There are 6 protein chains.
Amino acid sequence: MPDRDLQPLDSFVVPRYADVATFMRVPRTDDLDGVDIGVFGVPSDSATFRGGTREGPAAIREASRAIRRVNPSTGVSPFDLANVADLGDAPVNVLDIPGSIAATEQFVRRLREHGVAPMAVGGDHSAALPVLRGLSEGSRQLGVLQFDSHADVQDEFFGQKDTHASLMRRAVEEELVDPHRVVQLGLRGTRFGDEDVQFGIDAGFTVITYDDYEEMGRAAAIERIREVLGDQPAYITYDVDGLDPSHAPGTAAREPGGLSMRDSQVILRSLSGLDVRGGDVCEVAPSLDPTGLTATNAANLLFEIVCLLAARR
Amino acid sequence: MPDRDLQPLDSFVVPRYADVATFMRVPRTDDLDGVDIGVFGVPSDSATFRGGTREGPAAIREASRAIRRVNPSTGVSPFDLANVADLGDAPVNVLDIPGSIAATEQFVRRLREHGVAPMAVGGDHSAALPVLRGLSEGSRQLGVLQFDSHADVQDEFFGQKDTHASLMRRAVEEELVDPHRVVQLGLRGTRFGDEDVQFGIDAGFTVITYDDYEEMGRAAAIERIREVLGDQPAYITYDVDGLDPSHAPGTAAREPGGLSMRDSQVILRSLSGLDVRGGDVCEVAPSLDPTGLTATNAANLLFEIVCLLAARR
Amino acid sequence: MPDRDLQPLDSFVVPRYADVATFMRVPRTDDLDGVDIGVFGVPSDSATFRGGTREGPAAIREASRAIRRVNPSTGVSPFDLANVADLGDAPVNVLDIPGSIAATEQFVRRLREHGVAPMAVGGDHSAALPVLRGLSEGSRQLGVLQFDSHADVQDEFFGQKDTHASLMRRAVEEELVDPHRVVQLGLRGTRFGDEDVQFGIDAGFTVITYDDYEEMGRAAAIERIREVLGDQPAYITYDVDGLDPSHAPGTAAREPGGLSMRDSQVILRSLSGLDVRGGDVCEVAPSLDPTGLTATNAANLLFEIVCLLAARR
Amino acid sequence: MPDRDLQPLDSFVVPRYADVATFMRVPRTDDLDGVDIGVFGVPSDSATFRGGTREGPAAIREASRAIRRVNPSTGVSPFDLANVADLGDAPVNVLDIPGSIAATEQFVRRLREHGVAPMAVGGDHSAALPVLRGLSEGSRQLGVLQFDSHADVQDEFFGQKDTHASLMRRAVEEELVDPHRVVQLGLRGTRFGDEDVQFGIDAGFTVITYDDYEEMGRAAAIERIREVLGDQPAYITYDVDGLDPSHAPGTAAREPGGLSMRDSQVILRSLSGLDVRGGDVCEVAPSLDPTGLTATNAANLLFEIVCLLAARR
Amino acid sequence: MPDRDLQPLDSFVVPRYADVATFMRVPRTDDLDGVDIGVFGVPSDSATFRGGTREGPAAIREASRAIRRVNPSTGVSPFDLANVADLGDAPVNVLDIPGSIAATEQFVRRLREHGVAPMAVGGDHSAALPVLRGLSEGSRQLGVLQFDSHADVQDEFFGQKDTHASLMRRAVEEELVDPHRVVQLGLRGTRFGDEDVQFGIDAGFTVITYDDYEEMGRAAAIERIREVLGDQPAYITYDVDGLDPSHAPGTAAREPGGLSMRDSQVILRSLSGLDVRGGDVCEVAPSLDPTGLTATNAANLLFEIVCLLAARR
Amino acid sequence: MPDRDLQPLDSFVVPRYADVATFMRVPRTDDLDGVDIGVFGVPSDSATFRGGTREGPAAIREASRAIRRVNPSTGVSPFDLANVADLGDAPVNVLDIPGSIAATEQFVRRLREHGVAPMAVGGDHSAALPVLRGLSEGSRQLGVLQFDSHADVQDEFFGQKDTHASLMRRAVEEELVDPHRVVQLGLRGTRFGDEDVQFGIDAGFTVITYDDYEEMGRAAAIERIREVLGDQPAYITYDVDGLDPSHAPGTAAREPGGLSMRDSQVILRSLSGLDVRGGDVCEVAPSLDPTGLTATNAANLLFEIVCLLAARR
């Protein structure tokens, strides 16, 4: 296995509680040369039921101190396969939501131009939209696996188009994604009405509600996901409210009856070999969870997606 | 579907974090005319291991801001089927436990007289007793589905008869319920002795311990519950310590190894068509859970029971 | 003393922990007729260092359950002097900051038209700007007493003009306030540079930093405040970061070395007789303070300002 | 200095975080022979705005692990002067409030009969009443120094006579105390009306509101307290809501603008030489304060009063 | 069933919230005569990612107030079968890690000499090593069932030999345990490398990772455990990070995707009849979990192991 | 004012919640060339009453995001006067306390050799000892201003010599400091005995207990401090338990009745012109304070000491 230049701090030299916190303790750099996977924060914080996602990237950096090097199930060691860097945060300005979304798109576009796979850490789920915009080469290029309790397919939300509640609709309309290669996993939670989910169904999304998931079982769900995503480029977006709130109390829209971390890990680990091009973990609001569990779990999800990005190479 | 007069605040006009918190954002009224389902607090707070349930109704009102309109699994939209109102709190006085129980019974009796289905939000589980007294027309009218980790069939508790630990025994002795139509689900937790559960077994309760539940499986449990409750009037009482403490840390008597929210949701959703006449959610002690998860989960359980009350109509 | 129609819930009938929480337990109404003082939330939540102020009004409503009727130092009982109502929340939409500011201004203008004194509960401190706009009749009508650790006189903040960091500059520029009748009390905290405070000094504000306050003493500060505000219309804005963080940990911009609640109470109580026309309490971010102390203190500050509004009548 | 039999665990042998927690790590015994000062819990928990005081004694035992042996200001080492024991908890039953008050009185009477000075740890403030009943030999024997934000002189509270809100009135009516030797220190907080304080004033209490305290200064207040208490038997009751909430967030009735711990320590230390016969610290509700500060401060107040009880001997 | 001298406090006489907290409310004694099972703290606190395990024994004592007398699944009432005592804490000195380990070994050896089965409550997991040393009679006497997310088989950790990360290796090397009778259950979590687990595999441990566990199912896992442990002396060590973090957020090394409390209870309950000689529950860091759930769950695990120790007799 | 190379992140470009957290957002570097002031963590965590100080540096880095550039009272802008860098953490290994102390001394010695003023962030207070060793050129070179509630002059603590409880004694014995130029400020808290303070008094320390401080007043205390420290090299050590616990609940040894942040700020600001060569802030245990107030206050104290280090240049 080739040595990579960028390595996390050695935890047997610098204990994990020590020194500055970067994502998984990889180097913080602005120089994209040689970087394979760029992890960065998108501290957006706008329209969710509760505020505080702007603190998500910082909290997940801290929590990710605990991550070691090797995936215990797949054996993948991403830092042996790829140069992983912490690129800081996209230039979000919480006072200018449209401007922030545009700037984040530019930030990601620059990554794409340098061949850096984007791994975003939100921020509210609106963060995923500019990542898709910056990453997608259009023509319905990307498939998406969305872990979520909500479908995020509203046309608008409180009069706005680019929000955490409408991102999947925008992604379809802008042909960033191929709706026939989109899987929404874990949907549940009370609804305002059918419009909460209908657009995606009509567009061709594969919608696996939590009811469906339980009925079909995890293995069948995995098979279905692999089938839908196929071997074309794919993106993984993880809204932590996809998790059962016992696993993620620190998020605005807690919807009981959801995925466990175990489910999530097994599903993500089963996707090796797919052409995963980018991903995100969103909606952690640290101050809502004084145990810090949500950030710990988000850091582990981040690691799983980074393993997929690294293994694809 | 008929329009109903009483509607929750429109969350696309008044954001869910805004304005005064009532249960599920329905109108707060004292006028029972036209009300189909009356949600009210019973802020009792007496003999549990830890105090603080008097704050339960307030915390669940706040948490229930997040509830939307439609049940994602059954499609039931209770606010389309019934006029649901927040009736404030029963006149509990924590210094006068017997007086409070009597006053709560009167409060519920008035609801019955107006044809309003009672949906109580505790308070400690002693709250369920006066609701049953006020609701039951005697002659062992009511069947009961009790989610709980304890059977609550002590004869007395610290010298008192009407407590959270003895309510199911009183309900039998007073012929409020038909013991052959009582299901106790989720019992577990260390015991003082056999007397913790024996009365109910002897009286004819269907006792499904968590051990039983796991062995028979959820589907069989549901079948058994439907069979026992039959098509006669039924009541649902949910002591949140029936949940595994990872789902409900904010309660006095945390008993590990219990029901998940998912289990609870599926079971409650499977009961549509039953003649559910009233219900309660009890034992949330908000200050024991700084994540607020317990109140969030209780608010969702409240919604599920309200769906049953509305769908029955 | 005349009886007033609108009275808080009687705490000897409905215990303070019971029933729906409104500000100080006064009636929630949208009907402005006969209302003298309208308390309302402004759940804005934008550009502060930490998010979460959208939850401020709800948390302060809950905390204000503890407020009784009579001011222990002045003897003022505002509910005997004025009809005080909870008017719900101004129509804030956290996705549309300019729109929210405009809508809040309209909300307050309507109050002014009905002769209702506005008492706003934030939300971040940007909430104060539309209240001043809606309340002020222009021509530098209002004097202001601002409790704060920051002067809020930036020209812009991250490219925006109407923010929590620039509101006092806007208020001067728009001639909402008379700069010679503005007192800023408690300023301290590290600075980006002189521009953090200079505009106000140049405009004629009376700036009493915490250093000044300590040196001159509370009595002299009070005298100075009364002198500056005079007998013309005045407005009181309380950013809770004016308090020492030991009194208000639940706010984004905690600046140690500040005012105590005692100082604040004595100063506010000393202003009776002034022509106070409106006020606000802002910047409580409840999820940053799991003890709930910040909301409790904010509720008490709210009561003090309401006493002034009521006593002025 | 005489050696005493009962000594706290030696913190240089058993670290303070280790072993079972008793009050200040003194021996737990039921044998009153040879005991000079008996510290005991009274886990009452009834009518306060928030529940949870039943957990007070346990939390203060834990927090008091940090207490060492010697008072840093007075040099008093109570464990050198007196045999101090942890006597467990009075037989409180939160379901039977009158019974608990009677049983606590009996518990204290037994102490008096054995010449043991009672030092109670609440529990809500109703705990102080049976201590006074058990300790007082009638005929208005005792003077009282009451640290509190409320006067506790209601005739009844929600229909009950023996409550945390009426204890000082009962103590006068039952001639347990000499009203001319009662000092109430720190009163403040909004009031329901004059009846919140009037009975004591009429009865002859020396009422030092926080306003009075600030105006006269600490030294004068101490002089006044010593003058009023004189050299006759006295009792000290400390309701932790007498402290400013920044020092005691973990209590139901937080009233900003109150005493600091420093004030309290200096006042208590100034009372050496008085004939202090017993005392209590009440109203800690641990679950309201996840920092644990309130219990830490209560443990230090407990130590100060124990120093007075020991030094008197 | 024979009466035993040492009994927990009767919870119908002394409520569970009252009096001094010992483990499960059994008597605190230093006299080993007649004691069958000695529960004691080992407040070690050294090399974990987060500090604070020194507070584990105290927190678990408090949480174990809630434990009653009878196991609801097995019917075992340990206090009817054995004299169970709280022996205080082993003489740990967090400044002298090697000395503390030696002293703890001596503490346990004394228990062995008196025929007292040791039940340790950590402290970090290094606590288990001296318990094994003190308990084992050498010659690979003991089998071990280890619940854990990590294998703890490093050769050294930061240059030290006797740590929480190397204890199972030491136990093999010192022939305290028979590696062919060791089961490690629940291993998962990211790894530094193969060396995190390899030693045990090579030595003959039965390693059941969480992946293995899920694949084989609980029943098969139990069968395997019973088979490996056989009817020879066995020891049970429970590192609470073996639990999924939703069940144990209060520990340093949270590894998502782990055992539930239900799994743990069923497995432990299935081991009755085995020759269990001692056990421990480790790695609770209470201050990381303000809900207290981790300590509650640890107290229940403690009870399960005590049931096994008692039933074996 | 000269421009300096090393500047904090510009908070008008990168919002303060964004990007990686270093101390006060200055650059993280290992290259000492050109660095004037090196801020570094010392994540020691050993013998205090409660664990968790290893997390201090990380938490203070996060909290120090809020620090701006200019001291509001003195006008000093340290980043204009000096190149301030975050040097990461000293190579502490919590399993090897003596080794860590030696390694930290080496770390500081290297700074001294490069002319970098050391500003340490603990960790427990034992961190200060190796900083003094590394910084001092012997011959009783350094004066010390110690903010603390304890004198830290024990000969040993649990058998160890180099601990948080004995550091000032070691510093004298090793002639690192001139005892006649040592001021201990704020001492208070219960004592084990006279030995808690006596060594320093005998050695010539100026001991200003909190009693003394209050009696003499702040101005006189400042005068005394300046007089004792004189114009020779001085060091400032701030144990956050010197603060009143209402300002610093997140520390192991909370001693009520102490310094406020205001007192601390004014005293530190009054020392400009002194030859301050280094400093530290210690004893923050973040997990004990879910409000984060302690870390916020520690970050502000850090800034004040950095201002002194910069202004001295």
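User: How many salt bridges does the rule find across the interface of chain B and chain C?

Analyst: Side chains of opposite charge can pair when their charged atoms come close. The rule asks for a side-chain nitrogen of Lys or Arg within 4 Å of a carboxyl oxygen of Asp or Glu. In this predicted model, where local features need pLDDT of at least 70, side-chain atom pairs count only at pLDDT 80 or more, and totals for chains, interfaces and linings use all residues, side-chain values use heavy atoms, with hydrogens and water left out. Residues are numbered from 1 along each chain as its sequence is written, while chains are lettered from A and ligands numbered from 1 in the order in which they are written. Between chain B and chain C the rule finds two salt bridges. B:Asp19 and C:Arg28 meet in a salt bridge, at 2.8 Å from N to O.

User: What area do chain B and chain C bury between them, and which three residues of chain B supply 40% of its share?

Analyst: The size of an interface is often given as the accessible area lost when the parts come together. Here that loss is taken with a 1.4 Å probe and summed over both parts. Chain B and chain C bury about 1500 Å², with 58% of it on carbon and sulfur atoms. B:Tyr17, B:Asp19 and B:Val20 supply 40% of the area that chain B buries against chain C, more than any other three residues. The contact (heavy atoms within 4.5 Å) takes 20 residues from each of chain B and chain C.

User: What rotation superposes chain B on chain C?

Analyst: The copies are superposed by least squares on the C-alpha atoms of residues with pLDDT of at least 70 in both. A rotation of 180° with 0.0 Å of shift along its axis brings chain B onto chain C, at an RMSD of 0.0 Å. That is the relation of a two-fold axis. Because 100% of the interface residues of chain B are also interface residues in chain C, the copies meet through the same surface.

User: Which chains do not touch chain C or chain A?

Analyst: Chain C and chain E do not touch, their nearest C-alpha atoms being 10 Å apart. Likewise, no contact joins chain A and chain D, whose closest C-alpha atoms lie 10 Å apart.

User: How many disulfides does the structure hold?

Analyst: A disulfide is a covalent bond between the sulfur atoms of two cysteines. The criterion is a pair of cysteine sulfur atoms within 2.5 Å, and the structure holds zero disulfides over all chains. The sulfur of A:Cys307 is 19 Å from the closest cysteine sulfur, in A:Cys282, which is too far for a bond. A:Cys307 is buried, with a relative accessible area of 4%, where buried means under 20%, exposed over 50% and partly exposed in between (1.4 Å probe, protein chains only).

Terms used. Buried area is the accessible area (1.4 Å probe) that two parts lose on being put together, summed over both.
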